[in-house]
Amino acid sequence: MPTQNIQDETMVQEIKVKTVYSGEVMIHYIEDGITYEDLCKEIRGICRFSPDFKDYTIKWVDEENDPCTISTQMELDEAIRLYEVNRDSELVIHGESFVQFSM
């Protein structure tokens, strides 16, 4: 379920994300409405990839436990939409360098 933070009198929706990569589980938060490009930067930082590293895949785990690739803004928006519709407690992302990612 998204958390709400009040910053400068505006509501910012945050989504709890559990990212799994190379046997590590990392918890972080992203803003609702994050761009695909910013998500990629976030994942590169969390997984400690170099800024120019591009050989990874981001996947989120849906309500049926199926991994779904996120490679476009549309796919990211759908993952966030389903996260909100299902009232999930977190988005699970798995990364592989290929990266797998859950929301």
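How many salt bridges does the count come to? In this predicted model, the count comes to three salt bridges.

The protein has 103 residues, of which 38% count as buried. It contains two helices and seven strands, and along the sequence these follow the pattern β-β-β-α-β-β-α-β-β.

One of the salt bridges is formed by Glu24 and Arg48, whose side chains meet with an N to O distance of 3.3 Å. Glu24 belongs to strand β3, whereas Arg48 sits in the loop between α1 (36–46) and β4, so this pair ties together parts that are 24 residues apart in sequence. For Arg48 the relative accessible area is 59%, so Arg48 counts as exposed.

A further salt bridge joins Glu37 to Lys41, with 3.5 Å between the closest N and O atoms. Both residues are in helix α1, and because they are four residues apart there, about one helical turn separates them. Glu37 is exposed, at a relative accessible area of 52%, while Lys41 is partly exposed, at 44%.

Helix α2 (residues 73–85) holds Glu78 and Arg81, which are three residues apart and thus separated by about one helical turn. These two residues form a salt bridge in which the closest N and O atoms are 2.9 Å apart. Arg81 is partly exposed, with 41% relative accessible area, and Glu78 is likewise partly exposed, with 33%.

Asp62 is buried but has no salt bridge. The nearest side chain of opposite charge is that of Arg81, and it is 11 Å away. A salt bridge requires a side-chain nitrogen of Lys or Arg within 4 Å of a carboxyl oxygen of Asp or Glu, and at 11 Å Arg81 is therefore not a salt-bridge partner of Asp62. Asp62 does have a polar atom of its side chain 3.0 Å from the backbone nitrogen of Glu64.

Asp62 is placed in the loop between β4 (57–61) and β5 (67–70). These two strands run antiparallel and are joined by four bridges. Together β4 and β5 form a hairpin with five residues between them. Asn65, which is in the turn of this hairpin, has a positive phi of about 65 degrees.

Strand β3 (residues 24–31) also includes Tyr29. Tyr29 has a relative accessible area of 42% and so counts as partly exposed. Tyr29, Val25 and Ile27 make a nonpolar surface patch of about 290 Å².

Note on methods:
Residues are numbered from 1 along each chain as its sequence is written. This is a predicted model: local features need pLDDT of at least 70, side-chain atom pairs count only at pLDDT 80 or more; totals for chains, interfaces and linings use all residues. Side-chain values use heavy atoms; hydrogens and water are left out. Patches are made of residues with over 30% relative accessible area and no salt bridge: like charges are joined within 9 Å, nonpolar side chains (Val, Leu, Ile, Met, Phe, Trp, Tyr) within 5 Å. Accessible areas come from the Shrake-Rupley method with a 1.4 Å probe; for residues, only the protein chains shown count as cover. Buried means under 20% relative accessible area, exposed over 50%, partly exposed in between (1.4 Å probe, protein chains only). Lys and Arg count as positive and Asp and Glu as negative; His and the chain ends are not counted. A polar contact is a pair of N or O atoms within 3.5 Å; within protein, one must be able to donate a hydrogen and the other to accept it, and residues adjacent in sequence count only if both atoms are side-chain atoms. Two strands pair if DSSP finds at least two bridges between them.
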